[in-house]
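Hi,

Here is the structure I said I would pass on.

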Amino acid sequence: MDSTTEHPTHSPWSSLKTLIEGQLARPVDRSMLLMVVILSLLGVGAVYSTVAYLADTQLEGDVNSMLVRHLTRLVIAGVVMAVFSVIDYRWLSRYSFPLLVGALLLLCSVWIFGVTTGGATRRLDLVFFGFQPSDLVRITLILRVATLLVKKRSYIKDFGRSFVP
């Protein structure tokens, strides 16, 4: 076999790049995107109407700082949503177990490095933001259970094998 017909070694990053390029060529569901934008704008309106009172009582009338903070988080969420919308879920499901283990390790790290707020230790303070590993565990657990359901679908279809001990 000559060097021109050899298959290159595939790393997870090269397969991710190939999947992303394929996903970017896919058409966007405009109705879904429109719903996300509308709900986000309604959320901004709701936050703005509620923070006026909080800003007046807690931040000496500075409504803009709370609104800017909310808009910043909304933009970050939009970027994360855009990134995950181009990743094929089948590629992501291959890494569901390591992702879950990593999320559980982060959750355990709250016992050591966690910040106590309001009498509860739930989050980790990272450089620019606070992070609750329980949110990541929730997402990775859903991904892992979905992956297992797909793998065991023939087993689950049989009532005797799936429910009867």
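First up, which hand does the crossing of α2 and α3 have? The crossing of α2 and α3 is right-handed (a crossing is right-handed if the near helix is turned clockwise from the far one by less than a right angle, and left-handed if anticlockwise).

Before going on, some housekeeping. This is a predicted model, where local features need pLDDT of at least 70 and side-chain atom pairs count only at pLDDT 80 or more, while totals for chains, interfaces and linings use all residues. Residues are numbered from 1 along each chain as its sequence is written, and side-chain values use heavy atoms, with hydrogens and water left out.

The overall layout: the protein chain has 8 helices and 3 strands (DSSP runs numbered from the N terminus, H or I of at least four residues for helices and E of at least two for strands). Starting at the N terminus, the order is α-α-α-α-α-β-β-β-α-α-α. Of the 165 residues, 16% count as buried (under 20% relative accessible area with a 1.4 Å probe, protein chains only).

Back to the first pair. Helix α2 (residues 30-58) and helix α3 (residues 63-85) have axes that come within 9 Å and cross at roughly 155° (axes are lines fitted to C-alpha atoms over the stretch in contact, and angles run from 0 to 180 degrees between N-to-C directions). That makes α2 roughly antiparallel to α3, the term for angles over 145 degrees. Residues making the contact (heavy atoms within 4.5 Å) include V36, V44 and Y48 of α2 and M66, H70 and M81 of α3. By class, they divide into 14 nonpolar, 3 polar and no charged (Ala, Val, Leu, Ile, Met, Phe, Trp, Tyr, Cys and Pro are nonpolar; Asp, Glu, Lys and Arg are charged; the others, Gly among them, are polar).

The second pair is α5 (residues 96-113) and α6, which pack at about 155° with their axes 9 Å apart. So α5 is roughly antiparallel to α6, but here the crossing is left-handed. Among the contact residues are F97, L100 and V110 of α5 and P133, T140 and R144 of α6. This contact has 13 nonpolar, 4 polar and 1 charged residues.

T140 deserves a look of its own. T140 sits in helix α6 (residues 133-151) and is buried, with a relative accessible area of 6%. Beyond its neighbours within four places in sequence, T140 touches L99, L100 and A103. A polar atom of the T140 side chain lies 3.2 Å from the backbone oxygen of V137.

Cheers

Notes:
Angles under 35 degrees count as roughly parallel, over 145 as roughly antiparallel, 65 to 115 as roughly perpendicular and the rest as oblique. Buried means under 20% relative accessible area, exposed over 50%, partly exposed in between (1.4 Å probe, protein chains only). A polar contact is a pair of N or O atoms within 3.5 Å; within protein, one must be able to donate a hydrogen and the other to accept it, and residues adjacent in sequence count only if both atoms are side-chain atoms.
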